[in-house]
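This report goes through a single protein chain, from individual residues to the chain as a whole. Please keep the sequence and the structure in view while reading.

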Amino acid sequence: MKTVEQFHLEGRVAIITGGAGMLGVMHAEAIAEVGGYPVLADIDETSAIREAKKVADKYGAVCLGIKTDITNKDEIQALCDVVLQKFGRVDILINNAANDPKVKANDDGTWSRFENFPLELWNQDISVGLTGAFLCSQVIGAEMANRNGGVILNISSDLGVIAPDQRIYFKQGLPAEKQPVKPVSYSVVKSALIGLTKYLATYWADKNIRVNALCPGGVQSDQPDEFLEKVVFRIPMERMAQKDEYKGAVLFLVSDASSYMTGATLIIDGGRTCW
Ligand SMILES: NC(=O)c1ccc[n+]([C@@H]2O[C@H](COP(=O)([O-])OP(=O)(O)OC[C@H]3O[C@@H](n4cnc5c(N)ncnc54)[C@H](O)[C@@H]3O)[C@@H](O)[C@H]2O)c1
């Protein structure tokens, strides 16, 4: 087999949670480009259907958008059943959905600081980013185990391996106890996904299921200039990522190109975690 052919995914079916979001669509495009069938599983039905149609039209691929709340095991089972009815198989699961509790412009630290962070928000973030990945792996991973093969890719973050540098969120004029911070739930979810990755990689190694984690650095979108300046100062490449810069890595991780890789964490962050 030519090396480039190892990246082909002809006829392979990939479920992407949070598939209608910014990076979910990029993962779907990468998969559709090489002959795979992406399924965008997202709680936002309208966006899932709309984005799936765009990917299908762009690549002449089969791409489905299916409403799924990944915090609900019955909905995940229903998703898996629909995918099996339609395609007869599922080969790839990308655990991508997560809440990203952003530091808001008007935040005076009353909710984001560790001492104040509401239990309700903690539970919501853990439920989507971590319990959702656990439940999807349980249902869809078990299906792959029965078929004796598959790939799970957990989307972690650079904040899965380093702590947030809270100086990035510093606001002039506020006392220390009111300074906003990146909430603790994000760090906990993203580092826990690395633990889940290693656990499942060993648990299902004998079922030919490979499980890896990708830690992307921040993607530039509409962040204010002041924030961008502080972030890029902490990145050796002096810029945030473009949203399509993880496509190659995702393709590598979900295809046979990474056939000897499991339980690993791939960090792609412009060098940020070197410092
Ligand atoms: N964007 C970045 O800069 C960045 C950096 C590092 C890691 N990541 C990680 O990459 C992943 C994707 O990020 P993104 O920027 O595309 O996020 P996004 O907010 O654009 O997309 C998240 C998607 O998840 C969906 N979702 C939320 N709750 C759900 C639920 N209960 N069930 C099913 N779907 C649900 C949302 O509807 C949304 O479409 C996340 O895990 C994020 O933490 C993102």
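## Leu 200 in helix α5

Leu 200 is part of helix α5. In this predicted model, the residue has a relative accessible area of 7%. Leu 200 is therefore buried, since the cut-off for buried is under 20%.

Beyond the neighbours within four places in sequence, Leu 200 has contacts with Ser 137, Ile 152, Ala 205 and Val 211. Ala 97 is 103 residues away from Leu 200 along the chain, and the two C-alpha atoms are 18 Å apart.

Helix α5 covers residues 184-203, and strand β6 covers residues 209-216. Asn 208 sits in the loop between these two elements. With a relative accessibility of 46%, Asn 208 counts as partly exposed.

The backbone of Asn 208 has a positive phi of about 60°, although the residue is not a glycine. Most residues other than glycine have a negative phi.

## Glu 238 between two helices

A positive phi of about 60° is also found at Glu 238, again not a glycine. Glu 238 belongs to the loop that runs between α6 (residues 225-232) and α7. The relative accessible area of Glu 238 is 63%, so the residue is exposed.

Helix α7 spans residues 247-254 and strand β7 spans residues 265-268; Ser 258 is located in the loop between them. Is Ser 258 buried or exposed? Its relative accessible area is 2%, so Ser 258 is buried despite its place in a loop.

Leaving out residues up to four places away in sequence, Ser 258 touches Arg 210, Phe 252 and Leu 253.

## Ile 66 in strand β3

Strand β3 consists of residues 64-67 and includes Ile 66. The relative accessibility of Ile 66 is 14%, and the residue counts as buried.

Which residues are in contact with Ile 66, apart from neighbours within four places in sequence? They are Val 39, Leu 40, Ala 41, Asp 42, Ala 48, Leu 79, Val 82 and Val 83. Lys 230 is 164 residues from Ile 66 in sequence, and the C-alpha to C-alpha distance for this pair is 38 Å.

At 54% relative accessibility, Val 4 is counted as exposed. Although Val 4 and Ala 257 are 253 residues apart along the chain, their C-alpha atoms are separated by 8.2 Å.

## Cysteines

A disulfide is a covalent bond between the sulfur atoms of two cysteines. How many disulfides does the structure hold? The number is 0.

Cys 136 is buried, at 0% relative accessibility, whereas Cys 274 is exposed, with a relative accessible area of 67%.

## The chain as a whole

The protein chain contains 7 helices and 7 strands. Read from the N terminus, the order of the elements is β-α-β-α-β-α-β-α-β-α-β-α-α-β.

A compact globule of 275 residues would have a radius of gyration near 19 Å, and the chain agrees with this at 19 Å. Along the principal axes, the C-alpha atoms fill a box of roughly 60 × 40 × 40 Å. Among contacts with a separation of 6 or more, 77% are made by residues 24 or more positions apart.

## Surface and charge

Of the 275 residues, 50% count as buried.

The chain carries 28 positive and 34 negative charges. The mean position of the positive charges and that of the negative charges are 2 Å apart.

Technical notes: Residues are numbered from 1 along each chain as its sequence is written. This is a predicted model: local features need pLDDT of at least 70, side-chain atom pairs count only at pLDDT 80 or more; totals for chains, interfaces and linings use all residues. Side-chain values use heavy atoms; hydrogens and water are left out. A disulfide is a pair of cysteine sulfur atoms within 2.5 Å. Buried means under 20% relative accessible area, exposed over 50%, partly exposed in between (1.4 Å probe, protein chains only). Helices (H or I, at least four residues) and strands (E, at least two) are DSSP runs, numbered from the N terminus. The radius of gyration is taken over C-alpha atoms; the globule rule is 2.2 Å times the number of residues to the power 0.38. Contact means heavy atoms within 4.5 Å. Lys and Arg count as positive and Asp and Glu as negative; His and the chain ends are not counted. The place of a charge is taken as NZ of Lys, CZ of Arg, CG of Asp or CD of Glu.
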